[in-house]
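Have a look at the sequence and the fold first, then read on.

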Amino acid sequence: MSGRFGLVSSWPLLKRCQRRERGINGSMAGTIADDRLDVVVIGAGAAGLAAARTLHDAGARVAVVEARPRIGGRIWTERSCGRYPIELGAELIHGAQTSTVELAEAAGLTLDEVDRYNGLRWGAPARPVNELPPDDPARQAIGQARAVWGGLAARYPDGAADRSLADELRYNGLTPAAIAIADVVLAQTCCAEAESLSCLDAAREQRVDRAGPREFRLRERYDTLLAWLARDLDLRLGQPVRAIRDHGDRVTVDTTAGIITARRCIITVPVAVLAAGMIRFDPPLSARKQAAIAAFRTRPATKHFFWFDAPLWDAGFAYAAHNGLFARWWTPAHPDLAAPLLCSYVTAERAAALDRLADETVRELGLAELGQLLGRDDVAAHCVGFRRYRWAADEYARGGYAHLPPGMAWARPVLAAAEGNLHFAGEATAHDSNPQTVHGAIDSGRRAAHECLR
């Protein structure tokens, strides 16, 4: 039987055959010892947990090894800040037809819809884009940029000559000022600058996109979903991996806690961790795989949270942007309109500049820009708390989501391809889904798990 259920049901049969073969042939090469894992998964982020969940539910013996003392990877819910837990990493669910929504519904969690883009406000003070005059330069720039972005799939078929998003916008007649706006509303979302974002890679994503336009937050927060996904799994936290060796008939993983042996290995760590050489491979990965790893760019991504003694904005405030350093703002507790909390998510060059500054300096600069967005001069007086998290300073993330520059769109499927007993997952490998999303990571983990099951 083909398809998912056929693959799942084949695994117990395979195990019975292996046990029978061992009983007949003793120590015959290729047989599997009872105390050996079927699969070891490296990384307990969304991709790793999804892979392990799929394997576990299929009857495979699987363990998840994670360098951090927690699960989640670049998902990290912080609950020590009072009534409104914050997401230091991934926060939104991008699309109603995603694996994240599927899992949230299976876990019995609550989806709160957030209409960020139709409610986008621009400028200082920030005004709803759809209420600006039709000839307003910002409204025109955003409309033109979105039209160009939405047409990439048609303009860039597989194999077409590539160019940067900025070059594509220039080709379509956008001015430097309009491109600067597009950099905020489009490229920054991808943790990139418009000058370094591949149109061909974006076009490929648009062709396979099945997520849908709607967006959501989990009322119970992301850590609740991950805990549900991780239930009953063999989790080995706080064990950084130093080396992975593919012996042909087995894989050994050298961790700070010892050696783990399995038939196969799924590697889900961020591509920036692979590029930094934090894990040694024996034999080395192929030259093409190494070239794919080197092709990706990982830029800084930082979230800044500001607490106030009361909301300083109207009930319709959900998403605002401008050309400042703190280019994008939103209400992370939405739809709770009484929550006196704002988040500014900053990526790429802006994040690199702010990451070099002290906390108090960043707080002052952020409040000054927020005052301009809100048209108020008393914002600082009402601020009662500030926190930021810099993902570029996180040793096991080394930045935000990875992107591909022009000419490198080939690298994503190559990064995803298996080599020997090694399989690769993680959002950067999501060539058949949406990279730079949680559901893309989940989809990639499931794909790698099914490769192992086959």
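## Overall build

Of the protein's 454 residues, 57% count as buried, where buried means under 20% relative accessible area, exposed means over 50%, and partly exposed is in between (1.4 Å probe, protein chains only). This is a predicted model, in which local features need pLDDT of at least 70 and side-chain atom pairs count only at pLDDT 80 or more, while totals for chains, interfaces and linings use all residues. Residues are numbered from 1 along each chain as its sequence is written, and side-chain values use heavy atoms, with hydrogens and water left out.

The secondary structure comes to 16 helices and 22 strands; these are DSSP runs numbered from the N terminus, with helices as H or I of at least four residues and strands as E of at least two. The C-alpha trace spans about 80 × 50 × 40 Å along its principal axes. For 454 residues a compact globule would have a radius of gyration near 22 Å, and the protein's 23 Å agrees with that. That radius is taken over C-alpha atoms, and the globule rule is 2.2 Å times the number of residues to the power 0.38.

## A covered strand

Strand β16 (residues 301–308) is mostly covered, with eight of its eight residues buried. In a regular strand, side chains alternate between the two faces of the sheet. For β16, A301, K303, F305 and W307 sit on one side, T302, H304, F306 and F308 on the other, and all are buried.

Which strands does β16 pair with? Strand β19 (residues 341–347) runs antiparallel to β16 and is joined to it by seven bridges, with F305 standing opposite C343. Strand β20 (residues 383–390) also pairs with β16 in the antiparallel sense, over seven bridges, and here W307 has G385 as its bridge partner. Two strands pair if DSSP finds at least two bridges between them.

## Empty space

Rolling a probe the size of a water molecule over the atoms shows where empty space is left. On a 1 Å grid over the protein atoms alone, a cavity is a set of points where a 1.4 Å probe fits but cannot get out, a pocket is an open set with protein on both sides within 12 Å along at least five of seven lines, and lining residues have an atom within 4 Å of a point. Grid points are joined across faces, edges and corners, and a volume is the space filled by probe spheres set on the points. In the lining counts, Ala, Val, Leu, Ile, Met, Phe, Trp, Tyr, Cys and Pro are nonpolar, Asp, Glu, Lys and Arg are charged, and the others, Gly among them, are polar.

| Space | Volume | Lining by class |
|---|---|---|
| Largest pocket | about 1300 Å³ | 20 nonpolar, 16 polar, 14 charged |
| Second largest pocket | about 560 Å³ | 25 nonpolar, nine polar, six charged |
| Largest cavity | about 80 Å³ | five nonpolar, no polar, four charged |

The largest pocket has 50 lining residues, and H94, R116, Y117, T189 and E215 lie nearest its centre. Elements that give two or more residues to this lining include β16 and α16, while the largest share, four residues, comes from α8.

For the second largest pocket, 40 residues make up the lining, with G43, T268, V269, P270 and Y396 closest to the centre. Helix α16 is among the elements giving two or more residues here, but α10 gives the most, with three.

A search of the whole structure turns up one cavity of 30 Å³ or more. Its lining consists of P85, I86, E87, E91, R217, L218, R221, Y222 and P332.

## Charged pairs

Side chains of opposite charge can pair when their charged atoms come close. There are 34 salt bridges in the structure, each a side-chain nitrogen of Lys or Arg within 4 Å of a carboxyl oxygen of Asp or Glu.

R217 is in strand β9 and E91 in the loop between β4 and β5, 126 residues apart, and both are buried.

R446 and E102 form another, with their closest N and O atoms 3.0 Å apart. This pair connects helix α16 to helix α3 across 344 residues. E102 counts as partly exposed because its relative accessibility is 41%.

Finally, E66 and R68 meet at 3.8 Å, N to O, and both are buried.
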